[in-house]
Structures are given as C-alpha cells and as structure tokens.
Amino acid sequence: MGAAKDQKPFKVVIVGGGFAGLSLAIMLEKFDIDYVLLESRGEIAPAIGAGIAVCPNGCRILDQIGCYEPLKALGLAHYHTHRVQGYDGRQHLVCRDGYEHYEKRFGYPVLFVDRPSLVRLLHNKIQKKENIQLNKRVSDIKLKQDGVQVHSNDGQIFEGSIVVGADGIYSAVRETMYRIAKEVQPGYFAENPSSKVPCYYFATYGIAKDVPNLSLEEVYISQGKGFSYFVFPGHNGQVFFLLDEKYSKTPYGDDIQRRFSAEEEAAFIKKYSNTRIADKVRFQDLYDHRVVGGMTPLHHTVYDKWSFKRIITMGDSAHKPNPGTGMGANLAFESAAELVNGILNVQKERPQGLNGLEDSDVKKIMDYVESSRISRARKVVDESYENQVVNGTENPLKTWIALRVLPNFVKESFLIDAQCGLMADAPSLHYLPKPQRPHVVPFKDELPAKPVGQIAAWAAWVAFGGAMGATIYLAGKSMRLDVSNRTLWANAVPIIRPWASSKGPGNLLRVMTSIFSDVIASENLATRVQAIHFLSQLVGSILVWTVEGNREANRTNILSLPALFLTLIQLRGICHIAPYWALLHSALSDTGVHYRFVKPDIVNSLVPALTLGYLVPSVLMMIPSNVVAWQDWTALWQFAPPMVPILTTVFSAGLRWWRNLGKHKTKEEKKQEAKEERLAIYSDDDVAGLKSAYSYATLVQATSHIVTMAYIYTHPDLSLGKIFCGLPNPFEKNWNSPNRATEVGLFFKYDMLLSMGALAAHGLYSIWQLRRDGYVRTQDAVKAALAVVFGNIVIGPGATLTSLWSWRESAISGLIRK
Ligand SMILES: Cc1cc2nc3c(=O)[nH]c(=O)nc-3n(C[C@H](O)[C@H](O)[C@H](O)COP(=O)(O)OP(=O)(O)OC[C@H]3O[C@@H](n4cnc5c(N)ncnc54)[C@H](O)[C@@H]3O)c2cc1C
C-alpha cells in the first residue's frame, strides 16, 4: 500500500482558464509538472472584458515564462502623460513620461492590453493544449486519502494530487472547499466567509475604438463625487475605459447584484453621458464608439484563508482588488508563481520528488502560499481601495489633500511613486532565471538583504529622534556666549571697517568678526589649533548638505535649501542646526535608488565651489595678516559656508550656459532635451563625479586632522585632552570663564563636540537606513558602522562623513541593473 502510494504521480487540477489558471498551466509546463485545466466556457478567449493594465510586477513574471516579448509585440500604446483631473476638467496632477518612468524603474512599463488578446497570448504559450478541457464546469470536489477527485457538471471526474480554484470571484471551488471543511473540520473557516465580502462600487467598462478627438498618448484618471473613471489607450486605435459609482448602501455577499440589465446600464450611461473626459470628448463619445463592454459589481476582498487540505484558491477567487490600481490580474500571476515556488520547494526537499505527496507535504505548499501571499494581497487590495476613496471623493478632506494640496509639494512622478512600492514588493518565480532588463528600482527579491519590518524601522527612528532631541537640549545648555558689546578685534582693537556698523546687518557682521577674532587671533595656541581643526572638519557637512540639497530625493523638500541651513549654522552654531538637519534628512530624504541622482553639472561644480567658497576664505582667515585685512577676511568668512551651495548653483548654471552657447535648437529638440533631462534621474552618470568630490573633501579633512593630531602630540605645550576635552558641566549655572577668549573657546569646543556627535549619529542612522531597506547586508552595515566609529578617531569626523557618503553612494547606485 505504502509503495503504491509513493508512486502516485503528482498532478494539479486547475479549475478556470482565466489569467490565474492559464499562467499557472504555463508555469507547471516549464517544470514538467502534470496538470489538467478545466474551463466552464466553450472557448478560452471570448470577446468579453475590458482593458487590462499589465504592471511591471506582472510583466516580470510573464517575461520569465516567455510571454512578455509576445505581449510587447502586440504594439501596445506608448502613452506619455497621466492626467488626474476633476470631472469638470480641472487638472490636479500631470505626470509626463509615465511609460518611461515605469520602464526605467523596473525594466518593464505598464502595458494596456485588451483582455481577450492577453488570454489568447497565454493560451498560445501552452504546449499541451490537450490538457485544456473546455465546457467543464466544476460542480463538486471529493477529498481522497492521497489526492482529489474533481467533478464537472457533465459527470466527468478528474483525479489529481491537489486542486486549484482559479475560477474567479464566484468560485465554485472556494464554496465547495468551505462545505467540505465544515463537514471535516468544523470551525476551520469562519461561518460563510463569502457573505461578508463587500462591494462598494459598481462600474461600466469597455473598449472603444477610434474615438474622435481623443489622444492615444494620454491616460485620464478622474476624480468625481461618488464616482471616478479611468481611460487609457490600447492598440489599433482602442481606448479602454471604466467608470465606477459608489453604492449608496454597500451590499455584501449574495446581496451583491451579479448582472445588470440593459435598461440599468443605459440609465447609468445616460447619467454620466456629459461627463468630461478631455476637451471635446464626453463620456457619451466613448460609449458611442464602444466595441465591447458591460457592467459589473466591483468586489473588494482578500479571504482570510485560501486553502483546506488539498484544495487551494487563487486569483479573484482568493483576492479581489478594486481595478483602480490595475492589479487584479497581476496579483493572479503572482499567486500562480508563488504556488509553483511552494510546490518546487517541497520537490527539492523530497528525495522521491513530488510523487506520492503526503498530506503534510501538501500542507507545506499551502502554508507557503498563504504566508507569502495573504499579507501582500491585503496591501494591494487596501491600497487600491484607498485610491478609490480618493478618486471617488468619499472623504472630501482626504481628496482635497491628496489632489489639491499634495501636488504642490511633491514631484511630478508622485502618481507613479505611489504604485511603485506595490510593484517592487512583488514576487517572481524562484526556480526560473529572471531575464536581465536594465532597471533602477530593485524588486524585493533582488535586494542583497531582507528589508526589516515596520516596527523595527519606527523604533530606530524614534531612538534616533531621541538622540537628536538630547543633542538639541544639550546645545541649549552648553552654547553660552555673551554677544553684547562685541566691537573689538581680539578684545583690543576697534573694528572700524566700511561693512561694520552699530546697527542691523553691519552690527551682526561686526559681532561675528569680533567673536571669531577671540579665537583666531588668540594668544592661546590651544584655542587657535582647536579652531583650525574645527573649521577644517566642517568641510564634510558643507559638502554633504550641498549634495543632499541637490539630490533628486530632496528636490521638493526643505533640504533643497542647503544655503539656509549653512547660514543658520553661522548664526546659531552648527551644533544647534546639525541635529535638525539630521532629523529632517532621516524623515524626508527618500533612499529610493530612483531618487539618488544629482545633476552632473552640479556635481562638476562641487569641488570648485567648495574650494573657492570655503577652503580659500578659511585659509585666508586663519593666516595672520595686518589687522585690517585680517578683519576683512574674517568678515568675508562669515559667508563662506552658505557660499558653497550658492556657488555650486551659479557654476552649474554657467556650465549649462556654456554648453548651449551658440547652439540653436528647434522647439522639438528642446522638448526632447527636457524629456531626457527628466529621465536622467535614472542614470548613474553622476556617481564618479560625486565620489571624486567626496575623495577631495576626505583628503583635505583627513590631512588637516592627522597633521593637527601629530602637531598636538609632539608639541610640548599642547595636549589632546586640554584641546578637545576639559569641558565644564553644561548643567552648572555659572561657568565663571576668566575672559571672553576662554568663553569663545568653550563655545567652539562644545559646538564641535555636539555637532560632530550628531553627525556621527546621523551617519550611523544612514547606514541603518540602507540595512533597513535591504540595500546592504547586515555584515556590511556592521563593518560600515565600525568604520564610522574608528574613522572619527583616525581620519577625523569630517573625512569620516565624506567617506561614508561615498560608500553610501556606491551602495545605492550599485543596485542599478544595467
Ligand atoms: C472592469 C475591470 C477592469 C479590470 N482591469 C484590470 C487591470 O487593468 N489590471 C489587472 O491586473 N486587473 C484588472 N481587472 C481584474 C482582472 O480582470 C481579474 O483580477 C482577473 O481577471 C482575475 O483572473 P482569474 O483568473 O482569477 O479569474 P477570471 O478572469 O474571472 O477567470 C476565471 C475563469 O474560471 C472560469 N470558471 C468559473 N467558474 C468555473 C467553474 N465552476 N468551473 C470551471 N471554470 C470556471 C471562468 O469561465 C473564467 O474563465 C479588472 C477587472 C474588471 C472587472
């Protein structure tokens, strides 16, 4: 008996010949796994249905099974612009180059295809057409000791090891599974789960052809009150559309109307006939040119459990998102892929392969699918509903924020960004090679490490926020400086220069020059050495803040104003500003690979700007000269830190102007150039230049640090402890500084200690961010963190920061697949 059981060959009975069933059949064939597919209809690709958006996650799986190239060969629309608009035509969001954005990010665009073409394409790919049985409506399933018997309503019985219910939202397999479970293991499923499925919206959809005045290069998404629509181009003049309306009272389960009469549909169309799609195009125009279409309820669900013993559901029978994010069929491909992954995992484990699969082995397959799929499906389904809530103005405040307020503060590609996370998280077939397509955003399974969970991510951010808060608090306690009556140079000579005055900016400049003079012109060598070291270590922050200010990630947030932060450090001390900058950076700066880019003109301007804007003024200020000139250099230096980002912008504009000098471009050429510039964010042309700038700054700062340390170490009157430590207790009320020079010296010491501490903590946090997102492996993150700790001692804080940023640049850009 045992031997015979062991020999029972593995076979999958697939119920349903839609996207889930057909893609599963192709995948099984790839691994020589036997199957039969039962389809209730008399043909595989009837001329019914709407347009289907095949997203990059779906494309990748189709590519693995050889269906992507044939899909592209259909000549599908190369659309340009996504428009989110009010039904009255008011534009909310416009995203140009949608097709390219997706393709550059993932190696695949979003392709719009009509359902019959895609079904036909999948069907054509199936080698063993004899395994597809039409006119087989499954009506019952029997669980046997080592397999299943699947009954069709013409009385035929199909034997298999497992049965897969890919039979759509009204799945007979799912309902049979519930019935069997109730008999065999009561309580395994909740009572009648299908009765709890809600349906918030219903829709009319279809394919129109040759609609006059409608651009085939645009995707239209509309926001309405209680309704919304999507219109997108297909191929051969086709336009796909869907217009949905919210039910006034949400029906559930069997109360959801399955079919709509012709009268109901006509009344619905009439209601929206005048709704604007584009200039000169109304909804009625689409309908008048409709070739095929219908009306349907839009269920919204992810079932809590998808399997029982040898029965499993997938595709719409298990998860059904609203079509808003165009993910239903894509999720079906994903589920098919994960089921095959689960089967092959078990095959790998068993010496006898899949033959004679025990119940315990089947359970492993089912558990694998459910654990890998249910939370993913929930995320997609919830997000698609959120999308619907916004577009349908279910919550006017939410819609107002999402469509009116946010677009003013976010990048143009915001619309696409929102979907990208869903796509990047998608699985693929583990046991088939992933075709090499150049792309920038790694899919989750391409990352060097598994991203960490949300809770750990939040906990780390809270801890980091606490550390920055503590630094800000300490800065408040320790940064003490009396700025009154600061009119003298080195507490001896009055500052009488044209830029100095007793009021306004002239007074501020005089005060700052006076404060600095207490250090640089101090007779105390230790104070002077500390100041030289401190100012040289600021190079790292100035460079990094300038780079971050010009990074694509920060184009629309406050970090894009590095000159503001670098002005504030002059006024308040860097230890007051660095923690705020670090907090803002940790919260606002997206680590996405597609946001890493810095324009090459900016990159090429960094070294000259740093040299002229900061290094030269710093050297001039630190070298003693006649008092008048020295005062001038010191006053000029006050502008040095913000001068770096300002000069970077000026130089890069100059480079651009120089490049274009004498070139006359047509309007078309200018348009093309602008497009290339928009899409340049996906290149890594800037990395080499950035790394050169980081190396330059590292060299300058490390040299300064090492020479300073050596000097202090060898000088008989100096000691490291006295120069960098020996600080008074910040919680003591009165420090009783003997003179102003000592007071300023302590101010600078605390400024350096706290700011460099904050920047080192931020450096560690930025390493954690890369590990959090799965961009680097744990051991590499640990090595980088240790390098930060030791680097601060050996090459100094500034050089450590720029070295870290260079490593970070490589780690992120290294994820780009060429
Ligand atoms: C208007 C609209 C627009 C959409 N747009 C998109 C989009 O842009 N992108 C996207 O990814 N998804 C989209 N979807 C969702 C997508 O169509 C579905 O998620 C997808 O079709 C699910 O595939 P499936 O194979 O699970 O089920 P189905 O496609 O429903 O296939 C089920 C198959 O099983 C057969 N069957 C049913 N009962 C039995 C039985 N008892 N025995 C044997 N066979 C049976 C059916 O005849 C059918 O062939 C859209 C859906 C709608 C309604």
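How many of the 5 residues of strand β1 (residues 11-15) are buried? The count is 4, so β1 is largely enclosed by the rest of the structure. This is a predicted model.

**Strand β1 and its partners**

β1 pairs with two strands, as the table shows.

**T301**

T301 belongs to strand β19 (residues 301-302). Its relative accessible area is 9%. The cut-off for buried is under 20%, so T301 counts as buried. Leaving aside residues up to four places away in sequence, T301 touches V197, A318, H319, K320 and V381.

**Two domains**

The chain splits into domain 1 (2-446) and domain 2 (524-813). Their centres, taken over C-alpha atoms, are separated by 49 Å. At the interface, 15 residues of domain 1 are in contact with 11 residues of domain 2. The two domains bury about 1,300 Å² between them. Carbon and sulfur atoms carry 56% of that area. On the domain 1 side, D97, K411 and V440 supply 44% of the area buried against domain 2, more than any other three residues.

Charged contacts also cross this interface. The rule finds 3 salt bridges between domain 1 and domain 2. Elsewhere in the description of side chains, K675 and E100 meet in a salt bridge, with N to O at 3.0 Å.

Conventions: Residues are numbered from 1 along each chain as its sequence is written. This is a predicted model: local features need pLDDT of at least 70, side-chain atom pairs count only at pLDDT 80 or more; totals for chains, interfaces and linings use all residues. Side-chain values use heavy atoms; hydrogens and water are left out. Buried means under 20% relative accessible area, exposed over 50%, partly exposed in between (1.4 Å probe, protein chains only). Two strands pair if DSSP finds at least two bridges between them. Contact means heavy atoms within 4.5 Å. Domain bounds come from an automatic or database domain assignment. Buried area is the accessible area (1.4 Å probe) that two parts lose on being put together, summed over both. A salt bridge is a side-chain nitrogen of Lys or Arg within 4 Å of a carboxyl oxygen of Asp or Glu.
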